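Please look over the sequence and the model shown here before reading on.

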Amino acid sequence: MLTKDIADALGASLIGDGAVDITRIVHPDDAEHDSDLAVAIFSDAVTTLDSTWARAAVVSAKRMPVPDRFASLIVIGQGRTALAILTALFDRGPPREAGVHPTAVIAPDTELGTGVSVGPFAVIGPASKIGSGTTILSHVSVGGGVVIGHNGLIHSGVRIGDRVVIGDRVIIHSNAVIGADGFSFAPELGPRMPYSSDLELKRVHSLGTVLIGHDVEIGANTTIDRATLRATRIGDGTKIDNQVQIGHNVAIGKSCLICAKVGIAGSVTIGDRVRIGGCARITDHVTIGTEAIIGGASGVF
């Protein structure tokens, strides 16, 4: 990709040669070839620009000037936004081929859209629908009656239960479980209620589902339980980190950020644009309003 095209994608200023051909983006210390683009957006990288092998660099307007020996400089404004665009431009994603691998097991009535890729040893249950351009990598299991939208990416080892509905452009990382049964038993016992010697805990079955919106990302080893009767819901654009537990009947709004090891108990309602730090614990039936911020290792009871 030419430096001019990269600058255009970033909406950035270009100083010097716009025809330098770039094959990868790197930290300045890791540049090895003329085709490397040194990314020096943050202060730790700026200090190494004097010694980098790269001929081209991305730099922040806030941290100019830089050495004048570069053939091409791309000058950006907001660093994190530029980094998001740059990494998207150069991310080739996991290896995949369109079509179904010979070892995959696909129910006869499953509907696969155009350009769907199903990897080795994946299993897709009856009456499921997979949208065009979606990639399902190896050892994924998809239950019956599942709907997955367009251009999704389901990483190896993911488990998706029956009747789960997933929107477009959703990324689910390895070993996440979507649609396991909720943890629900009768009678409901509070923390101060004694367990009698003849107590019998009766399982409350999870007959509902999970509904995941568009542009959601779900981290590795995260679990999202299905609802008892209706649906556990994850709103459009919400990003969930690794090792997060989301209980049955939970409703999470749009564009939320939920970090690692957060535990959300059943029937919690969370508004839009909420940020929850790693290791936070939220007990059942709590309601959290729009744009709330909950720090790591804190609790909402």
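## The second largest pocket

Thr87, Ala88, Asp91, Gly93, Pro94, Arg96, Leu153, His155, Ile171, His173 and Glu217 line the second largest pocket, where a pocket is an open set of points on a 1 Å grid over the protein atoms alone at which a 1.4 Å probe fits, with protein on both sides within 12 Å along at least five of seven lines, and lining residues have an atom within 4 Å of a point. This pocket holds about 350 Å³ of space, the volume being the space filled by probe spheres set on the points, which are joined across faces, edges and corners. Its lining divides into 4 nonpolar, 4 polar and 3 charged residues, with Ala, Val, Leu, Ile, Met, Phe, Trp, Tyr, Cys and Pro counted as nonpolar, Asp, Glu, Lys and Arg as charged, and the others, Gly among them, as polar.

The model is a predicted one, in which local features need pLDDT of at least 70 and side-chain atom pairs count only at pLDDT 80 or more, while totals for chains, interfaces and linings use all residues. Residues are numbered from 1 along each chain as its sequence is written, and side-chain values use heavy atoms, leaving out hydrogens and water.

## The largest pocket

The largest pocket contains about 650 Å³ of space. Of the 24 residues that line this pocket, Phe183, Ser184, Phe185, Glu188 and His248 are the closest to its centre, and the lining as a whole comprises 11 nonpolar, 10 polar and 3 charged residues.

## Two helices in contact

Helix α1 (residues 3–10) and helix α3 (residues 79–90) have axes that come within 10 Å and cross at roughly 135°; axes are lines fitted to C-alpha atoms over the stretch in contact, with angles from 0 to 180 degrees between N-to-C directions. Helices are DSSP runs (H or I, at least four residues), as strands are (E, at least two), numbered from the N terminus. Ile6, Ala9 and Leu10 of α1 meet Ala82, Ile85, Leu86, Leu89 and Phe90 of α3, contact meaning heavy atoms within 4.5 Å.

## Two backbone details

Ala186 and Pro187 are joined by a cis peptide bond with omega of about 0°, and Pro187 is found in the loop between β20 (185–186) and β21 (202–203). Ala127, in the loop between β10 (123–124) and β11 (129–130), has a positive phi near 60° in a residue other than glycine.
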